[in-house]
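Me: I would like to learn how to read a protein model one feature at a time. Could you take me through this one?

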Amino acid sequence: KPLGSLGLLEAAVEDAAALGQSAEVRFDTRAVLVLCADNGVVRQGVSQVDSTVTAVAARSIAAGRSSVGQMAALAHCDVITVDMGMQKPVSGAGLLERRIGAGTADITEGPAMTRAQAEQAVLTGAALVRTEQERGCTLLATGEMGIGNTTTSAAVACALLRQPARAMTGRGAGLSDAGLRRKRWAVDTALAVNRPDPADALDVLAKVGGFDLAGLCGVFLGGALYRVPVLMDGFISAVAALCALRLCPAAGAAVFASHVSAEPGHSAVLRALGKAPLIAAQMRLGEGTGAVAAMPLLDMALAVYRGTTFDVYGIPAYVPQEGAQ
């Protein structure tokens, strides 16, 4: 085929080969890590529902009944549901317990967590990747479930990119105008109260982030360390990836953009990451659904990569031309 003719799909295969240091690219065994946690800022009315919904949704995800479970089944992808810190421990088949605490504190009143807790969450995320890599996983995706986590993600993005709340804060799961005003107030207030250091991503995570965000940051770092490509989901995952790159710029080699969501700050974060999305479907569901949706596209790219070459038909192979990309 003409060089570069599959565009971003072709680049994704090349990047996966570079990360794995092998031309034998495989995505045979894949999983989506869905990190679940509660956020104290919910009490400020920044979401349509309260924190009890996090646990209900986590049980549904673990049982395979949620949206990501339906999509993952078609994409031949395992769903790994992880309790990073919901308000109350949730028991049930398919739920990994990696609790850092019983939800974070209200970021409008003080830090979300201690720095030690942020470190623990990041290391926990990296350890999840190691476990998956050891069982033979060759492609990971990030997902999350946590009522209020678009608020914490907006606060982290604002701090790292030095932007006001109105630039990064969207309606999440369909907030009203009044709800959006409360959410933007919460982000601006959290930044003023906590004064996170933009030059220290761990400080930002500890002060205005969440256990899920910090864990996802660790997943991206783990992807680089253990050489496993990580498809990031939407705005929340992208913010976590930005934290990972601020901690270790080389981690960008493991970050693969799946889609650009309807959240207003997502495009800005993708630009900061230097990543181009495969899908622009205005998704905003979370759970890792956007990342899982990109997996069949990568399968198609691999099919071409492993397919017939021009020499079978006696056609000269394309070669790079001066001025061509």
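Reply: What follows goes through cysteines, pockets and helices in turn. Keep in mind that this is a predicted model.

Me: How many disulfides does the structure hold?

Reply: A disulfide is called when two cysteine sulfur atoms lie within 2.5 Å. By that test the structure holds 0 disulfides.

Me: Are Cys137 and Cys158 buried or exposed?

Reply: A residue counts as buried when its relative accessible area is under 20%. Cys137 is at 5% and so counts as buried. Cys158, with a relative accessible area of 2%, is buried as well.

Me: Now the pockets. How much space lies in the largest pocket, and which residues lie nearest its centre?

Reply: For a pocket, read the volume, then the lining. The largest pocket holds about 610 Å³ of space. Its lining has 31 residues, and nearest the centre are Asn149, Thr150, Ala173, Arg284 and Leu285. Strand E4 (139-145), helix H5 (149-161) and helix H10 (235-247) each give at least two residues to this lining. By class, the lining divides into 10 nonpolar, 14 polar and 7 charged residues.

Me: Asn149 is on that list. Where is Asn149 found, and what is it in contact with?

Reply: Asn149 is found in helix H5. With a relative accessibility of 5%, Asn149 counts as buried. Setting aside neighbours within four places in sequence, its contacts are Asn39, Glu144, Asp212 and Ile236.

Me: What is the volume of the second largest pocket, and what lines that pocket?

Reply: Its volume is about 480 Å³. The second largest pocket is lined by 18 residues, with Lys1, Leu3, Glu10, Val304 and Tyr305 nearest its centre. Helix H1 (7-20) and helix H12 (289-305) each supply at least two residues of this lining. H1 gives the most, with 5 residues. The classes here are 11 nonpolar, 3 polar and 4 charged.

Me: How many residues of helix H8 are buried, and what do they pack against?

Reply: H8 (residues 201-208) is mostly covered, with 7 of its 8 residues buried. These are Ala201, Leu202, Asp203, Val204, Leu205, Ala206 and Val208. The buried residues of H8 pack against helix H4 (115-134), H5, helix H7 (177-194), helix H9 (211-225) and H10.

Me: Which of those partners also line the largest pocket?

Reply: H5 and H10 are among the elements that each supply at least two residues of that lining. Both also pack against the buried residues of H8.

Notes. Residues numbered from 1 in each chain as written. Predicted model: local features only at pLDDT ≥ 70, side-chain atom pairs only at ≥ 80, totals over all residues. Heavy atoms only, no water. Buried < 20%, exposed > 50% of the residue type's maximum accessible area, 1.4 Å probe, protein only. 1 Å grid on protein atoms, 1.4 Å probe; cavity = no way out; pocket = protein on both sides within 12 Å on 5 of 7 lines; lining within 4 Å. Points joined across faces, edges and corners; volume = space filled by probe spheres on them. Helix = DSSP H or I, 4+ residues; strand = E, 2+ residues; numbered from the N terminus. Nonpolar A, V, L, I, M, F, W, Y, C, P; charged D, E, K, R; others polar. Contact = heavy atoms within 4.5 Å.
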